[in-house]
Amino acid sequence: MKKSKKILSISLCLLTIFSLSTSALALDNNSSEKVIGNYSEQVKLPQEEFTITQKENTTKGYVTTYTRTYTRGSLLYGSWRNGALYDGGPDGSTATFNYTYNQTYNNSFTATLSGELFNPLLAGIDLGVTVGSSKSYSFGSGTSFFVPANTTKIAKYRPCYYKYKVVEKKYYEQYVPGSGIVTYLVGTKTGYVNVFSMWHFTNAYY
């Protein structure tokens with residue numbers, strides 16, 4: 001009986017240790033996906049979902065109609081970029097990296113298009129960007145962090161953006177005697193446009 005209790009006690013002890021280890025491992029996995037830092041102010045974004053209709057009159061007896069439906073995806077992150085270096089000095093100091101560095105460091109983002117659309121430039125206009133062109137975005141209030149004494153840190157930043165899915169359909173509308181206006185679906189094309197949202201900041205020892 002005593003031997004059974006001893007085995008049970010050992011088993012419970014091992015189970016407890018295993019549970020604690022599993023919890024710690026799960027916590028480490030979760031925390032490893034999170035990057036310490038803060039974000040700039042978010043720019044004004046298009047709606048999460050909307051549709052634009054565009055009509056073009058032709059000389060061939062029909063009207064060409066395009067419909068573009070936009071759906072915003074999840075927030076995505078670009079590659080890290082290096083900002084300024086800061087020396088903590090003999091006593092440590094607080095560093096600030098913000099809009100005053102706009103002229104020195106690369107703060108541009110390119111609205112790229114993947115996939116294919118009938119009217120890629122118009123899709124960009126609908127989203128408030130110029131497809132294929134880069135634009136500078138302010139760091140805003142930026143980030144502040146403490147640099148310990150006798151160390152050096154570097155500010156780092158990366159763009160955050162949304163990928164908008166664009167489904168564009170092309171139709172012909174034509175009057176047919178006896179039937180009225182008849183609409184024909186000519187084709188459908190799908191593209192994805194990256195739209196800037198904000199900057200993400202962090203820092204690292206250099």
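Strands here are DSSP runs of E with at least two residues, numbered from the N terminus. You're looking at a predicted model, where local features need pLDDT of at least 70, side-chain atom pairs count only at pLDDT 80 or more, and totals for chains, interfaces and linings use all residues. Residues are numbered from 1 along each chain as its sequence is written, and side-chain values use heavy atoms, leaving out hydrogens and water.

Start by selecting Tyr101. You'll land in the loop between strand 5 (93–97) and strand 6 (108–110). Tyr101 has 22% relative accessibility, so it counts as partly exposed (that's between 20% and 50% relative accessible area, using a 1.4 Å probe and protein chains only; buried is under 20%, exposed over 50%). Leaving aside residues up to four places away in sequence, Tyr101 touches Ala84, Tyr86, Thr96 and Phe139 (a contact means heavy atoms within 4.5 Å).

Next, select Phe139, which is buried because its relative accessible area is 0%. Rings of Phe, Tyr and Trp (its six-membered ring) pair if their centres lie within 6.5 Å; planes under 30 degrees apart are stacked, over 60 edge-to-face, and the rest tilted. Phe201 sits in strand 11 (residues 180–205), 62 residues away from Phe139 in the chain. Like Phe139, Phe201 is buried.

Now zoom out. Which residues share one aromatic cluster with Phe139? Among them are Phe97, Tyr101, Trp199 and Phe201.

Last stop: select Lys153, which lies over the face of Tyr205, 4.7 Å from the ring centre (for Lys, NZ must be within 6 Å of the centre and within 35 degrees of the ring normal).

Terms used: Helix = DSSP H or I, 4+ residues; strand = E, 2+ residues; numbered from the N terminus.
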